[in-house]
Structures are given as C-alpha cells and as structure tokens.
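Here is a short briefing on one protein model. Keep the sequence and the 3D view open as you read.

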Amino acid sequence: MTKRRLNLTEYHWLIGFSLAALLLGSISLGNVPLRDWDESTRALIAREIYRTGNWLHPTLAGEPYLLKPPLMDWLIAISYQFWGIGEFTTRLPGAFLSACSVPLLYWLGREVFAQRLPAILAASVYLTLLPVVRHGRLAMLDGTVVSFFLLLLVCLLKARQDRRWAVGIGISLGLITLTKGILVILLGAIAFGFLLADRQWTLLKHPYLWLGILLGITPAIAWYAVQWQYYGETFWQVHFQAQGLNRISESVEGNQGAPWYYLLELLKYSFPWLLFWFGGLALAWHHRYRSWGKLVLIGTVGYLGAISLMGTKLPWYIMPFYPFFALAVGMFLAHLWQKSKHYPQILVWLLGLMAVAGVGGSVYFILADPQPVLIIMGVVVALTMGLAAGQVYQHNRQFIPILLGGTYVALLLLIMSTSWVWELNEAFAVKPVAQLIQEHTPPDTVVYTSFSYRRPSLDFYSDRQVIPTDTTTLKQLASTSAYLLVDESTLAVLPIRDRVILGSSEGFTLIAILD
C-alpha cells in the first residue's frame, strides 16, 4: 500500500511539473515574429521539406543544407503538415520537447537524491530559469537536446536496479546525434564519466546497453551514410569540420568571448537562483562521494569547462549546463528549508536590490514601453523580492516558495508580452517589409537589398530570397532588370532612370528596374 501511494504521489508531481512547463512553453508562442538565424533557418528548411517532400536531403533556398542533422526540421515540417505554416507551428515541436525537460529533471532528482524535497526544488528552480523558458520556446535545437540528455541520465540511473532501462541510454544518444550531431560526444562523455565515478562500469558489459546503442545509433549512422553517399567529401568538410571542429578551435562568424563568457551569462540571466548556486556547489563537494554530488560536479566542471574553452561562444550553448545548476541549487534550498535556522543577511540586501530593480523596471516600462503586462511584471518582481527579503530577515524559510511562485508568475507575464524575443529590436521590423516584397514581386524572385546582412526571417516571411549587396553592385544591377530594396541614402546615389517605385516600409524602398 505504501509503495502504491508513493508511486501515485510521484505521478502527481510529474503531471504537475509537466502542466506548469507546458503552460510556460505554449502560451503566446506565436505572438512575435521568428527570430533571425536559427529560428528562421529552421523554418525555411522545414518549409522546403514540407513543400518538396525532400525529407532525406534538406535544402535551404534550394541549396543543400549540411550544417545540422534533420530531426528538428522533420518535426517542424510535420507540424506544418498538420496545422499549417506559422510562428506557433514552427516553435511547437521544440517548445513541447523542451517542456518535457522539467518533469525529466524531477525524475532525475528522485533517482539521485535520498529525499523528494531536493528533487521538487531542483525542478522548480529549473522551471523558473529565464534562459530555460525563453530558449526552450524558440525554434532552436538546444532545449530539445537537454530533454534527450536528461532522458539519457534518467535511464542510466534507472539501469542500476533494472538493466532493461539501459536500452534508453542508446536511444537517447541516437536522438541527441540526430538533433545536434557532434555535441553527442561531449554529453556522452559526461554521462560516461558519471557512470564510472558512480562505479556502474558493469553496465558497459550488459547486452541491454548495446541493444539500445544499436537501436539508437543505427538511424543516425544510416542518415550520415546516406549524406556521405550523396554529397561525398563535401558533407564531411561542412558538417564536421566547418560546423563542428572549427567551432571548438576558433571563433566562427565572429562569435567569440573570454573564458568567463558563460559565467557572465549566468550573472545576467540566472537570478535569483545564482545567489544559492555557490552554496549548492559547496554541498556537492561535501557530498562528492554520493551520486548527486558526483553528477553535479562532473556535469558542472565537464560541460561548463568544455564550452568555456571553445573558440566559438553563443549564449544558448550553456543550456545543457542548467540541469546541473538546478540540481545544486535545489539541494541547497532543501538544506536551508530543513536544517538552517539562520540565513546570511547579505541575502536581505541582494533580494532588496532586486526588489528596487523591479520597481525601476515598472517605471521604465511605463515611460518607454507601456505594455501593461510588462508593468505588472515589474510589480510582481518587486513584490516577490521584497517579500522574500523580509522573510529572510525574519529567518523564515517561507522565502523559498515566495521566490518560486513569484518568479514563475513574472516569467508567465513576460512571455505573454511581445518583448520576450528582445533580439527583434536589433533591426527593422521584418513583417511589414516582407509584406511589401510579397505583394509587389512575382514568386521565386530574388531581391537585392542595401541592408548590411542577410535576414533569414525576411526570406521566410516574404517567401523570396533577399540578398544583401554593396552599393557598387547595386549600381551595376541598376542597369539590368532587377528588384532592389534600398534605404534612402542608397536610393539617392543609384543612377536609375527607368525605375518603378513599388512602395516603402521601415525606411526601405522597393523598386523595380525596367530593362
């Protein structure tokens, strides 16, 4: 009876975390345009798969796309087939799979912690991390990879008692490979390192593990073999050398940073939980001979250390680190809840500063970006941090649920606004310009623009190729039959006589050159 009741309780927690994560992952998912680069690139590739039926050899603008494996593009194309093409359907597969990482982290916590409370707090912390919520909602690969990685770790831990779970280890490795290719080496090495540190090396001899590897890796190997047969050496040079090995040894496309780049990312986006991370790491070191301590330390040092040494640095590369971060914080919060009667008073000051920042945020949104939902979000942050600071001052452990609940509500308000993808403000609004192009140019038209770099989102929404071109080339094109999208300063210097101005939007003019 006790075992049955325990299982029912676990079921309720898993359902609760799943629903909470799905709400954050799905609400207002299509309320803002797709972001440039990864999101729009995924959408363009998936749309070509959907239109052409070419599932085996994906293309981008009709050219072979060799940079990433196709699993996410396949899922988005399937989403298009069922529900049409749009922002929501583009983001839906990744958002759903990313949301699965929250109950998976709770499940992982139940396997490594002796008690339920640290698992509950770790999953709650992970659920309320801004990068986890935001990047998980984008049509990118990283949130999905984290879910597959957590599934791998859960299967590894479950296999200690039931070897049949080892099949899931190999399947998880295959899913990671089909999602983000070479990253499987680093994540697999972390899992393997934990397996050895936890003295589970006998699992390596078990046939269930090798059966899982056969089932999981065979589809990935088959896909790579088909690409090699079709594209030859070019595939290996692009997929492994340019996309994989070069990013380790050098900065690709100017995406560089100091070795402490990801520590700064934590400093910017992981509050308020960063305040408890160092305490969690200290506890992990103190309990380094227990499974949870080994997992946190190996994952933190192994993954964070590896990406910090890489030449190419991008904010979303840190995503697989956050489960280890959450496990450490969750254990420390559980320690404070159960054992500590006095809390460091510096927490009062730090939480108080965050409350002041919340007030400042509300004032800023009132003056500069008067979205009511953002103003309310600032108020929620201020109240949450202020109340938590008061509870810490009174040495009351209730500050923990106050932080968890208030942070969740604040994130919910953020994603209900139109500002959760703030990178959209880095350039002109893409949809009005795309509509201008689509209305005034024939299908399959190539448009040349004076804008300084290519925006995949403009290609997606206009359903045309929009290619950035320098002024000298635009002047040459002005003597041919072409469509040009130019800013005012470029338009003034183009020697065009036979031209038709088709319209203007966002500071750009679309013109047709008559040959």
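**Strands, helices and a helix pair**

Strand 3 (residues 446-449) and strand 5 (residues 482-487) run parallel, joined by 3 bridges. Strands pair if DSSP finds at least two bridges between them. The model is predicted: local features need pLDDT of at least 70, side-chain atom pairs count only at pLDDT 80 or more, and totals for chains, interfaces and linings use all residues. Residues are numbered from 1 along each chain as its sequence is written, and side-chain values use heavy atoms, without hydrogens and water.

**Strand 5 and its partners**
- Valine 447 has tyrosine 483 in strand 5 as its bridge partner.
- Strand 5 also pairs with strand 7 (residues 508-513), antiparallel, over 6 bridges.
- There, leucine 484 stands opposite isoleucine 511 in strand 7.

**Helix 18**
- Helix 18 (residues 372-393) has 22 residues. Helices (H or I, at least four residues) and strands (E, at least two) are DSSP runs, numbered from the N terminus.
- Its buried residues (under 20% relative accessible area, 1.4 Å probe, protein chains only) include Val373, Leu374 and Met377.
- Helix 17 (346-368) and helix 19 (399-416) are among what covers the buried residues of helix 18.
- Just after helix 18, histidine 395 takes a positive phi of about 55 degrees.

**Helices 11 and 12**
- Helix 11 (residues 207-231) and helix 12 (residues 233-249) pack at about 125 degrees, with axes 6 Å apart.
- Helix 11 and helix 12 are therefore oblique to each other.

Note on methods: The expected span of a helix is 1.5 Å times one less than its number of residues. Buried means under 20% relative accessible area, exposed over 50%, partly exposed in between (1.4 Å probe, protein chains only). Contact means heavy atoms within 4.5 Å. Axes are lines fitted to C-alpha atoms, for helices over the stretch in contact, and angles run from 0 to 180 degrees between N-to-C directions. Angles under 35 degrees count as roughly parallel, over 145 as roughly antiparallel, 65 to 115 as roughly perpendicular and the rest as oblique.
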